[in-house]
Amino acid sequence: MADRRQLYVEMRAQDLDSIRLSTYRTACKLRFVQKKCNLHLVDIWNVIEAFRENGLNTMHLSAELAVARLEVVLSTILYQLNKRMPTTHQISVEQSISLLLNFLLAAYDPEGHGKISVFVMKIALATICGGKILDKLRYIFSQISDPAGIMVPSQFDQFLREVLKLPMAVFEGPSFGYTEQAARSCFAQQKKVSLNTFLDTLMSDPSPQCLVWLPLMHRLANVENVFHPVECSYCHTESMMGFRYRCQQCHNYQLCQDCFWRGHASGSHSNQHQMKEYTSWKSPAKKLSHVLSKSLSCASSREPLHPMFPETPEKPLNLAHIVDTWPPRPVNLANDYSFSHSMPTSGNPYSTKNLLESSNHQDEEHSLIARYAARLAADAAAQEQRDPTDLLYSLDTNKQQRQLIAELESKNREILQEIQRLRLQHEEASQPPPDKGQQNPTLLAELRHLRQRKDELEQRMSTLQESRRELMVQLEQLMMLLKTQGPGSPRSSPSHTVNRPIPTPIHSDSAGTTPTHTPQDSLMGVGGDVQEAFAQGPRRNLRNDLLIAADSITNTMSSLVKELNSEGGSETDSLLDSDFGRCDLMASTSSDHFFTYKPRPVSTAEEESYENNLERQLEDELKLEELVKHRQETDETCMLTLQQ
């Protein structure tokens, strides 16, 4: 915390807040932080190497790092920097680590959680370190793009959120705070942003408004030591360093960067005049020669902002298979360094021993290269000393192998052609002929109508089957009743007759389905004489069976009436009332409209009329059943015709 206050106190002492333009003010403040933490001496490639040594390249971007791990990474960067510096230009590593760590925590962890994500750390260090802006933007693009080399919009949005926290850390949030409009304005027209498009946009002049301070910070670093032997028109210094500004309206009016940034003006000059910025000074003779060479040249001498890169990223070379020590040496996991683009298999990145031994990696790499060169030389010498016979044998073997490969390739082509032919043949066979593919709409409508009519008839037939079964049940009940009251059986009292339970018809579950059962199946639940009469043979006539059953019932009823009439008296009348009341009760429980029975005075004419009505109803039912069967056969014949 004390180091953070010290950093801000020293920055305030530079009087950077008096700079009039917010872009220059932000760039100057971040440049001050960069130099104070000695990051201007660290190249982007040194930062990437430090990430690899600490295993950050294998971690997910959303993983979080503790403060101790962050301090280890910063120690790796700055200790390696101190080893590259001359002994007369050594830096205070501990102080630089403390200042940089406190600045990053103030920018990205203001709540004091003590954790920073890997993505934030990579973006922050890649932005404020030294080096070329082209290399830094290429590294940043690698963190926000997919494997195909196309920028992910969500990742760019996250990059913009994190990188704009750096101006906010130096109190420039009102000018360069994050907004969704700023994110959309960077790449408003492009749907797919490649590396070249990304570099063109961020390195253009002017840059996107939210990131205009980033290229200006690099331009400040490039012109810090540029000398201009020109007198400032306001402060009258004989020479100036850094940027030089020349008024486009006032004659020979030039300002140094300090006077221009703070809005100083004198004489007839005004701050509203247009000023041109110069990053170098050229003598009048040099300017004249430059103008002449530019006017005489046929082609344009303007160079592109950056070299063009391939659209698809190139795969890194994997040289792990050639790093083979010869002769073999013992493996040291702490110093083993893989000569590839992957992470070196080092020990614990938190250990002090790893930090101290990291200087041996370069020597290790040179020794591996030397061993590999020696191995290649030994293989070449052995190749020269081989027997000519072995050489000829190897040539013949190679020739035979090439011939075998050519034969296999030709067979493979033949097989592929045969597969293609069979596939085409199968497709042609599977396609329907044109005459069948387009059927007559009238015929299709008729077919649909017939199918609908068939379903209706099947449903009606099922209903008739159920009605017939219930009728048979009622007949069986009536026959049982008449047998119990026959001449040979003892008469029962009226109370016994009334209280006798009446069997109810048993409904079938398949009444609503297609009637595919036989007549014997439709008589399930029917017992006694009716079932016996209908179960004598599969080819019996249903009409005759019903007539026989009706005749049997009529004869039994007639005999019963005659016997009752012969006895006479009130006992006969009560018995008849009881019996016919029972018959009326049974008839009322049935839901079939074909069989109704009401007690009335019995006579011979009425019995004959009843028998005729019953016979007529049975004939109507049989005719309806035959009509349904005939219509079903007609529908089946029509369906077979349509299918053929």
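Trainee: Which residue in E6 is the bridge partner of Arg-244?

Mentor: This is a predicted model: local features need pLDDT of at least 70, side-chain atom pairs count only at pLDDT 80 or more, and totals for chains, interfaces and linings use all residues. Residues are numbered from 1 along each chain as its sequence is written, and side-chain values use heavy atoms, without hydrogens and water. Strand E5 (residues 244-247) pairs with E6 in the antiparallel sense over three bridges; strands (E, at least two residues) and helices (H or I, at least four) are DSSP runs numbered from the N terminus, and two strands pair if DSSP finds at least two bridges between them. In E6, the bridge partner of Arg-244 is Cys-256.

Trainee: Which strands stand at the edges of the sheet?

Mentor: The open sheet has three strands in the order E6-E5-E7, with antiparallel pairing. One side of each edge strand has no neighbour in the sheet, because each has a single partner strand; these are E6 (254-256) and E7 (275-278).

Trainee: At what angle do H3 and H6 pack?

Mentor: Axes are lines fitted to C-alpha atoms, for helices over the stretch in contact, and angles run from 0 to 180 degrees between N-to-C directions. The axes of H3 (residues 44-53) and H6 (residues 118-128) are 9 Å apart, and the packing angle is about 155°.

Trainee: How many residues of the contact of H3 with H6 are charged?

Mentor: Ile-44, Val-47 and Phe-51 in H3 meet Met-121, Lys-122, Leu-125 and Ala-126 in H6, contact being heavy atoms within 4.5 Å. Ala, Val, Leu, Ile, Met, Phe, Trp, Tyr, Cys and Pro count as nonpolar, Asp, Glu, Lys and Arg as charged, and the others, Gly among them, as polar. Six are nonpolar, no residue is polar, and the number charged is one.
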